Amino acid sequence: MRILVVGGGTGGTIVANNLARRLSAEIRARKVRITMLSASDKHMYQPGLLYVAFGQMTPDALYRDQASLLEESINFHVDPAAKFDLDNKRVTTQSGKVHEYDILVMATGSRIVPETIPGLAEGAESFYTEAGAVKLFKKLRVIQEGTVAVVVGVPHKCPIAPIEFVFSLHDYFKARGIRDKIKIKYHYPIGRIHTIKEVATWAKPEFDRMGIEYETLFNVGEVDVENQVVKSEEGTETKYDLLVAIPPHRGMEVLEQNNLGEGGWIPTDRFKLTMIGHDDVYVLGDTTNLPVSKTGSAAHFEAEVVAENIASIIKIGVPVREYDGKVYCFIETGHDSATYAMFNYQTPPDLKSPSKPMHWFKMAYNQMYWTSVRGLL
Amino acid sequence: MSDSKIVDARDTFCPGPLMELITHMKQCSVGDTLELLSTDEGSGADVPEWVNKVGHEILSNEKIDGVWHIKIRKAK
């Protein structure tokens with residue numbers, strides 16, 4: 001049985017490690033072989049970019065060698081997939097190597113596409129890449145006064161990030177003693193300040209208390225870089241001194257090139273996590289077209305279901321679990337407090353009051369992630 | 001030529017039905033129609049509010065067996 005995992009991010013790594021443990025006897029007996037293809041020999045802890053943007057972490061702390069995170073029995077290749085032939089169960093890599101599989105796991109993730117909005121790439125800062133987060137910090141540390149505008153592209157990875165960023169902005173400028181000289185204006189695509197109703201209800205009075213201005217029903221349409229004005233599709237505009245964007249995302253280009261899904265998102269069964277029409281192809285994390293948060297947390301819980309089901313199919317012939325839509329997101333509510341949102345397809349989040357211990361737990365998790373992605377936590 | 005497509009956002013809290021709709025609206029062409037399915041009680045009002053503000057067109061909006069079925073045409 002040949003299992004091919006395409007993608008070495010959170011979801012792919014957890015699936016591969018989980019499978020390697022569950023199927024260790026079968027691997028030793030050479031009945032199962034696990035192969036992973038990735039675009040990089042490095043693994044980044046992406047939530048850490050928020051801290052880089054505020055000078056609380058340096059980028060080097062966000063990386064580990066991907067090979068060091070994987071069980072030894074996993075055949076790891078830095079050679080990204082280029083062509084998918086699902087009918088003949090074959091994936092060809094960029095180097096031209098062909099990998100045949102019995103079960104394929106698609107965990108290719110997503111990418112930012114600020115260039116899809118006129119002026120956004122040139123006019124806005126962002127913390128969704130290492131270079132972007134460092135550049136943003138260098139801007140934040142020198143700004144003395146004016147309007148910092150935050151805009152949110154759709155769809156985007158980590159739906160909590162816009163709120164976390166704004167709370168952190170408030171604390172950062174307060175610590176610098178210039179909060180009264182900086183206007184923070186937050187813009188959000190739908191009719192409340194966060195897509196999760198419970199988060200919006202809790203955050204609104206916090207915004208009011210902190211003096212954070214907000215405009216809802218604001219989808220970024222265009223950035224006039226020369227005049228420093230961001231305009232919405234809905235017909236409003238904001239003048240800014242510093243513009244920060246949560247950039248819009250798409251699935252990976254290779255998936256679009258192979259016609260695997262509109263926007264690079266693969267049509268996926270929301271319970272089985274298999275590709276629609278292909279029961280031998282599993283999909284998880286950002287790669288799916290599911291109405292589920294694009295977060296490492298969702299990828300983690302999906303990966304556990306996928307690994308358990310693949311292992312049980314190999315051992316007893318049938319899957320044993322369905323994904324229930326579970327997501328758990330920490331919410332940093334500033335530089336010294338946090339809360340969390342946990343929900344699934346049926347149960348809405350029940351938000352607790354932010355606390356310091358929850359922030360410390362998040363700080364600890366930033367290190368525990370490396371245990372988690374090894375499939376041990 | 002217009003396409004018609006279902007956006008099934010039932011039982012989702014994040015990113016939520018309206019955010020799902022906006023994602024799909026960005027992917028389709030002017031003249032295409034989408035039908036949003038949502039179990040979020042607020043969708044019956046939230047979705048038309050955005051659609052009207054941005055300048056698309058609501059074709060129908062009804063609740064059937066606890067599910068909102070909202071048809072929208074992309075107008076720009």
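This is a predicted model: local features need pLDDT of at least 70, side-chain atom pairs count only at pLDDT 80 or more; totals for chains, interfaces and linings use all residues.
Figure 1. Ala45(B) and Asn52(B) are exposed residues on the face of α2(B) that is turned away from its buried side. The helix comprises residues 43-54 of chain B, 12 residues in total. From its first C-alpha to its last it reaches 16 Å, close to the 16 Å expected at 1.5 Å a residue. The buried residues of α2(B) are Ser43(B), Asp46(B), Val47(B), Trp50(B), Val51(B) and Val54(B). Viewed down the helix axis, these buried residues fall within an arc of 120°, and they therefore line one face of α2(B). An α-helix has 3.6 residues a turn, so residues three or four places apart point the same way.

**Figure 2. Surroundings and end of helix α2 of chain B.** The elements that cover the buried residues of α2(B) include one helix of chain B, α1 (17-27). They also include the chain B strands β2 (33-38), β3 (57-64) and β4 (67-73). Gly55(B) follows α2(B) and has a positive phi, near 100°.

**Figure 3. Strand β11 of chain A and the strands paired with it.** Strand β12(A), residues 182-187, runs parallel to β11(A) and is joined to it by 5 bridges. In β17(A), Val244(A) is the bridge partner of Val150(A).

**Figure 4. Two cis peptide bonds, one in chain A and one in chain B.** In chain A, the peptide bond from Val154(A) to Pro155(A) is cis, with omega near -5°. Pro155(A) is placed in the loop between β11 and α7 of chain A. In chain B, the peptide bond from Cys14(B) to Pro15(B) is cis, with omega near 10°. Pro15(B) is placed in the loop between β1 (4-8) and α1 of chain B. For context, most residues other than glycine have a negative phi, and most peptide bonds are trans.

**Figure 5. Asn259(A) and Asp11(B), two residues with positive phi that are not glycines.** Asn259(A) has a phi of about 55°. This residue lies in the loop between α9 (253-257) and β19 (274-275) of chain A. With 8 other C-beta atoms within 10 Å, Asn259(A) is exposed. Asp11(B) likewise has a positive phi of about 55°. The loop that holds Asp11(B) is the one between β1 and α1 of chain B. Asp11(B) is partly exposed, with 18 other C-beta atoms within 10 Å.

**Figure 6. The contact between chain A and chain B.** Chain A contributes 22 residues to the contact, and chain B contributes 19 residues. On the side of chain A that touches chain B, 13 residues are nonpolar, 6 are polar and 3 are charged. The size of an interface is often given as the accessible area lost when the parts come together; the present view instead reports residue counts, 22 from chain A and 19 from chain B.

Technical notes. Residues are numbered from 1 along each chain as its sequence is written. Chains are lettered from A and ligands numbered from 1 in the order in which they are written. Helices (H or I, at least four residues) and strands (E, at least two) are DSSP runs, numbered from the N terminus. The expected span of a helix is 1.5 Å times one less than its number of residues. A residue is buried if 20 or more other C-beta atoms lie within 10 Å of its own, exposed if 12 or fewer, and partly exposed in between; C-beta atoms are placed from the backbone. The arc is that of the directions from the helix axis to the C-beta atoms. Two residues are in contact if their C-beta atoms, placed from the backbone, lie within 7 Å. Two strands pair if DSSP finds at least two bridges between them. Ala, Val, Leu, Ile, Met, Phe, Trp, Tyr, Cys and Pro count as nonpolar, Asp, Glu, Lys and Arg as charged, and the others, Gly among them, as polar.
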